[in-house]
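Student: I'd like to learn how to read a model like this one. Can we go through it feature by feature?

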Amino acid sequence: MATAMEHDTLESSVQNILEQKTLRWIFVGGKGGVGKTTCSCSLAVQLSKIRESVLVISTDPAHNISDAFDQKFSKVPTKVKGFTNLFAMEIDPNVGMADLPDDYFEGQQDVLAVGKGVIQELLGAFPGIDEAMSYAEVMRLVQSMNFSVVIFDTAPTGHTLRLLSFPSMVEKGLGKLLKIKSQFAPFISQMAGVMGMQDMNAEQMTTRLEETLPIIKQVNEQFRNPDQTTFVCVCIAEFLSLYETERLVQELTKMNIDTHNIVVNQLMFLPKNEKPCKMCAARHRIQSKYLDQIEDLYEDFNVTKLPLLEHEVRGADDIRQFSEHLVKPYSV
Amino acid sequence: MAWLLVAVFLIVLLYKAGRACLPVISTMISKILIKESTEEKNLKQKIIQLRMELKTISKLDHFPKYARCERKINSLNQELLEYNKPTAYKSTVVKFGVQGIFYTINILTILWFIWRYRGEPILHLPEEWVWPLGKIVAFPTGIPGAVGFTFWLVVCRTVVNKGLTCVTS
């Protein structure tokens, strides 16, 4: 039903992402269970065909990328089996700071343990600083390894936004922390002398902070540059998911982070020649209603529709196949 | 000198009242001094209108319309923030200015009183009543049995504070 007034709808695929050669950071996010990991891995597969090197990072403590590719990944970029330029990495943001003191405090003396605990508490008091330090390490690593494009498979919504706001928040936090450090350094070293441990720990930590701040500033700028960073919102055709997606889009707009792609996953495509079962027909009806609302609300976005398949999408081969639907609209 | 007794008490009372009114006064003064530009006024009007419209739209039934309205409100709020930045700075300056002037006047008044009546007792009590704190009570007059200005000031402050806590609780 062609209408004379119909405006040009944007194509329903992620081809625009593949074509945008300047993109360096792609975030794939959406509230739990919508298929973020499948999407991010599929996107990574498609990008690996045309880009020099692709890294997909998971920040979700649940570590889904290992499940998706059926391969164990660690916090070091590891090549995905069957690919030449696709790498994957899983980082647990909560483990970040704990590593440092452990390295230093070999002999478990109680006083030292107390000191280490106090410093951890202090750092933990700043919201997200443990995650922030971990991400900062990741950024440093990633910058040095020079991947053409990095895909973040971000953890569900609230966590995502904290991650994305961390550069500006941590910039302020770190700045203040460094000021405090310069004021307290003599005091800390005196106390450390009294307790019999060298103050190198405080020095080491704050030096790392000082080194990380410029990287965070740089990353912050890149995240707000639409040529270099974009956010892909994954959702399903249900009210709550749509509501969460809209909230996410509004938050991203407030933070000046570019987003112009929506992926609607787990859609029921009815078979052409058979009569669908009551359940499938009902689900299709519900989804159509919300799909219409999605297309209405996101008319200036690229809305890609992905199908709910009869089989699970697990393992590199399934993901490769599934990733084709991101580029070519699915038909039964 | 009975009038002094009453005067000091009133000064302390006024000081407390003034401190409570400070935020109101500084807001009034900033409204007078800092003119809200017409663009800001228009923006605020629009936001209020949109907020009222938002209340009438049902989130469940007309979600796209609801969402679009919310987006407009967000973008207008962002614009307003841009206008607000210089205004916020000015109003902080005004606030500190008002506070500064108030406290300065208060301190200068008290100091003047202390200086003026450093030799004269406010009240003259029999020596036995003020024993053994005679010297403290009489400070800075040095006259035994007198009640000095400073002591009376402290008494007034304590009484007013206690009275206020009783009234407000």
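Student: Where in chain A is the place of Glu238(A)?

Tutor: Quick ground rules: this is a predicted model, so local features need pLDDT of at least 70, side-chain atom pairs count only at pLDDT 80 or more, and totals for chains, interfaces and linings use all residues. Residues are numbered from 1 along each chain as its sequence is written, chains are lettered from A and ligands numbered from 1 in the order in which they are written, and side-chain values use heavy atoms, with hydrogens and water left out. Helices (H or I, at least four residues) and strands (E, at least two) are DSSP runs, numbered from the N terminus. With that, Glu238(A) sits in the loop between strand S6 (229–236) and helix H9 (239–254) of chain A.

Student: Is Glu238(A) exposed, partly exposed or buried?

Tutor: Buried means under 20% relative accessible area, exposed over 50%, and partly exposed in between (1.4 Å probe, protein chains only). Glu238(A) has 33% relative accessibility, so it counts as partly exposed.

Student: What is Glu238(A) in contact with, leaving aside its neighbours within four places in sequence?

Tutor: Contact means heavy atoms within 4.5 Å. On that basis, Glu238(A) touches Arg283(A) and Tyr290(A), its neighbours within four places in sequence being left aside.

Student: Which feature does UniProt place at Glu238(A)?

Tutor: UniProt positions are given in the numbering used here, feature names are shortened, and annotations may be inferred rather than shown by experiment. The unreviewed entry has a "binding site" there, and its positions also include Gly33(A), Lys36(A) and Asn265(A). Gly33(A) is in the loop between strand S1 (25–29) and helix H2 (36–50) of chain A. Its relative accessible area is 62%, so Gly33(A) is exposed.

Student: Which residue does UniProt list for "active site"?

Tutor: The unreviewed entry lists Asp60(A). You'll find Asp60(A) in the loop between strand S2 (54–58) and helix H3 (64–69) of chain A. With 15% relative accessibility, Asp60(A) counts as buried.

Student: How should I read a backbone phi?

Tutor: Most residues other than glycine have a negative phi, and most peptide bonds are trans. Here, Asp70(A) has a positive phi of about 55 degrees although it is not a glycine. Asp70(A) lies in the loop between H3 and strand S3 (78–79) of chain A, and counts as exposed at 62% relative accessibility. Gln266(A), not a glycine either, has a positive phi of about 60 degrees. Gln266(A) lies in strand S7 (residues 259–267) of chain A and is partly exposed, with a relative accessible area of 26%.

Student: What are the secondary structure elements of chain B?

Tutor: Chain B has six helices and two strands. Read from the N terminus, the order is α-α-α-β-α-α-β-α. Of the 169 residues in chain B, 28% are buried. UniProt, in an unreviewed entry, places "transmembrane region" at residues 96–115 and 136–155 of chain B. Residues 96–115 of chain B are 100% helix and 0% strand, with the end C-alpha atoms 28 Å apart.

Student: Where in chain B is confidence lowest, and where is it highest?

Tutor: pLDDT is the predictor's confidence in each residue, from 0 to 100. Where pLDDT is low, the predicted coordinates should not be read in detail. Chain B averages 83, and 99% of the residues score at least 70. Confidence in chain B is lowest in helix H5 (residues 134–138), at a mean of 73, and highest in helix H2 (residues 38–56), at 89. For the complex, the predictor gives an ipTM of 0.71 and a pTM of 0.70.

Student: How many Å² do chain B and chain A bury between them?

Tutor: The size of an interface is often given as the accessible area lost when the parts come together. Buried area is the accessible area (1.4 Å probe) that two parts lose on being put together, summed over both. Chain B and chain A bury about 1200 Å² between them, 53% of it on carbon and sulfur atoms. In chain B, Phe63(B), Arg68(B) and Arg71(B) lose the most area to chain A, together 47% of what that side buries.

Student: How many salt bridges does the rule find across that interface?

Tutor: A salt bridge is a side-chain nitrogen of Lys or Arg within 4 Å of a carboxyl oxygen of Asp or Glu. The rule finds three across the interface of chain B and chain A. Arg71(B) forms a salt bridge with Glu246(A), where the closest N and O atoms are 2.8 Å apart.
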